[in-house]
2 protein chains.
Amino acid sequence: MALSEFALIDRYFRNCGMKRTDVRLGVGDDAALLDSPAGCDLVAAIDTLVDGVHFPPGCPAASVGHRVLAVNLSDLAAMGAKPAWALLALTLPNIDEGWLDEFAAGFSALARSHDVALVGGDTTSGPLCVTVQILGHVPHSQALLRSGARPGDLVFVSGTPGDAAAGLAVEQGRLQGAPDVAAHLRKRFLYPSPRMALGKSLRGYASACIDVSDGLLGDVGKLAQASGCGVELSYKELPVSEELVAAVGDVRARELALTGGDDYELCFTVSPSNVGRLRQDLPPERWGYSLIGTVREASGAVVTQNGNVMEFSHSGYDHFGK
Amino acid sequence: MALSEFALIDRYFRNCGMKRTDVRLGVGDDAALLDSPAGCDLVAAIDTLVDGVHFPPGCPAASVGHRVLAVNLSDLAAMGAKPAWALLALTLPNIDEGWLDEFAAGFSALARSHDVALVGGDTTSGPLCVTVQILGHVPHSQALLRSGARPGDLVFVSGTPGDAAAGLAVEQGRLQGAPDVAAHLRKRFLYPSPRMALGKSLRGYASACIDVSDGLLGDVGKLAQASGCGVELSYKELPVSEELVAAVGDVRARELALTGGDDYELCFTVSPSNVGRLRQDLPPERWGYSLIGTVREASGAVVTQNGNVMEFSHSGYDHFGK
């Protein structure tokens, strides 16, 4: 049975995600009506995943549903914002009800865990491509920007970047490893955890923040550039997971930590005067972040080991570059 | 010279659309920061155009830029809302700077004419596909919904639906006509005018409203269904343009007015007690709308001529149906 566009929206997306009382009108009219809280800025981001570009052909549909929301949530985390509402534009080559069931389940589970309502969407036929637009809130003047870093600030990153790039290689059959190692890395690519609690908690501590989606070195470089500074990262302080080292060795692990994409960790800077308070209020071992470098005056992002600058050929994923 | 994703966003989209003082932070960070006005609902819609599905291959880039914003604006018009901010997700097979120049010009001109700021976006590589998410505002409890029609209400439509479907046929070389007629119809497809002023002005008059994007008969049927009613349209009252009749004859013109897509007109209902006030305050000849039928209790959308129900095989465009 072919489902019409309207039946499709009704079946899969009308009850997707969380119910929220600030949704006056959700899926089903020409547009959604939403009740913005007073005292907050509205925070808006949009991100697209394209089949064969952002995920390999045959990738589990639940992962596609999870990731398209996760990449958007991660943008809000990087602003210190709390998410509220999402809109979904889904372009499908055909109606595969099994795929749609899984996609909606993956999307909905992550949405519910972050209290996000799906309030609107559009379904079209064409090559598989998924866009989510996310809306959230942050108290006036408290958003974390890329542009607030100053020379002398310390640079931190959450989690263990590089895992997702290795997980993609596992998913594509380009990398093997012990079953538990491979499963861990694959999960880090397929089901990333956006750092919503950390992002929100960094308000009042971090001077700048960006989410690491295109590779740590490239993304920290964007933060430094937006701040009119540069940054120096310490090679040996890069946090790499045991699983990543087990799968690819220490040298390649650090390379992936610097240049791999799809991690959705947060990279943030903190002024020296705030670092004591940060470590006390948000203990790094509990919140899962590491000191990896310092902001400097000279522009650019460099990695040093024993005082020597190291060369990396690829400083982050660029969809059209090189 | 290949442009990187970041240079591309910077060159084409950082200054696209209107500058607005309620944009605290626009294109260039992880997300935009926006200042919602008090006393209003936030109104949000999302729509995608896919190459070869929503526009023919080789369609002017300026038209793609115009239309992807117009279809979203039209959703806001149907809610009686005023647009404010847009986000753009652009998937491109390659960087064609001439195409991007034209696309951005088409988008920006329409955005400026409706006071819309482009506040965020994402560019990815893949098959040509464009998604816009639009945000706007409507005073609390004043939005026009699909669900407010009641039996006995009168049904109106703006403009002359059917022109865009004929214009698409001209664009694809499937329909010829006198040069001025062909140019008029083609323009109606390539550069539709969303009915923003009418939508906003209908607050307090219309009992229900929907935008006509998938065909008048199908869309008025959705309005009726959302209202728990049906609708009866009068075949001979359908407003068809002289150009459409000149190109395809009266019978086919009325068929296209009922079933053609891409018009982005407004179809709305008004209770008999409000019709006098509507006609006085918003004279139809100046605002460009026509009475075409009545809401009835029996479900479904029918067209009648001299008291007889007429059959139409295709009641609106459905991306996956049939």
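**View 1. The residue that follows helix 3 of chain A.** In this predicted model, helix 3 of chain A is followed by D115(A), which has a positive phi, near 60 degrees. Helices here are DSSP runs of H or I with at least four residues, strands are runs of E with at least two, and both are numbered from the N terminus.

**View 2. Helix 3 of chain A along its length.** The 17 residues of helix 3, residues 97–113 of chain A, reach 24 Å from the first C-alpha to the last, close to the 24 Å expected at 1.5 Å a residue (1.5 Å times one less than the number of residues). At the start of this helix, a side-chain oxygen of D96(A) comes to within 3.1 Å of the backbone nitrogen of G98(A). Among the buried residues of the helix are W99(A), F103(A), F107(A) and L110(A) (buried: under 20% relative accessible area, 1.4 Å probe, protein chains only).

**View 3. The interface of chain B and chain A.** Here 65 residues of chain B are in contact with 65 residues of chain A, contact being heavy atoms within 4.5 Å. Between the two chains there are six salt bridges (a side-chain nitrogen of Lys or Arg within 4 Å of a carboxyl oxygen of Asp or Glu). The side chains of R146(A) and D30(B) meet in a salt bridge at 3.2 Å, N to O. On the side of chain B that touches chain A, strand 3 (residues 40–50) of chain B gives the most, with nine residues.

**Notes.** Local features need pLDDT of at least 70 and side-chain atom pairs pLDDT 80 or more, whereas totals for chains, interfaces and linings use all residues; side-chain values use heavy atoms, without hydrogens and water. Residues are numbered from 1 along each chain as its sequence is written, and chains are lettered from A in the order in which they are written.

Note on methods:
Buried means under 20% relative accessible area, exposed over 50%, partly exposed in between (1.4 Å probe, protein chains only). A polar contact is a pair of N or O atoms within 3.5 Å; within protein, one must be able to donate a hydrogen and the other to accept it, and residues adjacent in sequence count only if both atoms are side-chain atoms.
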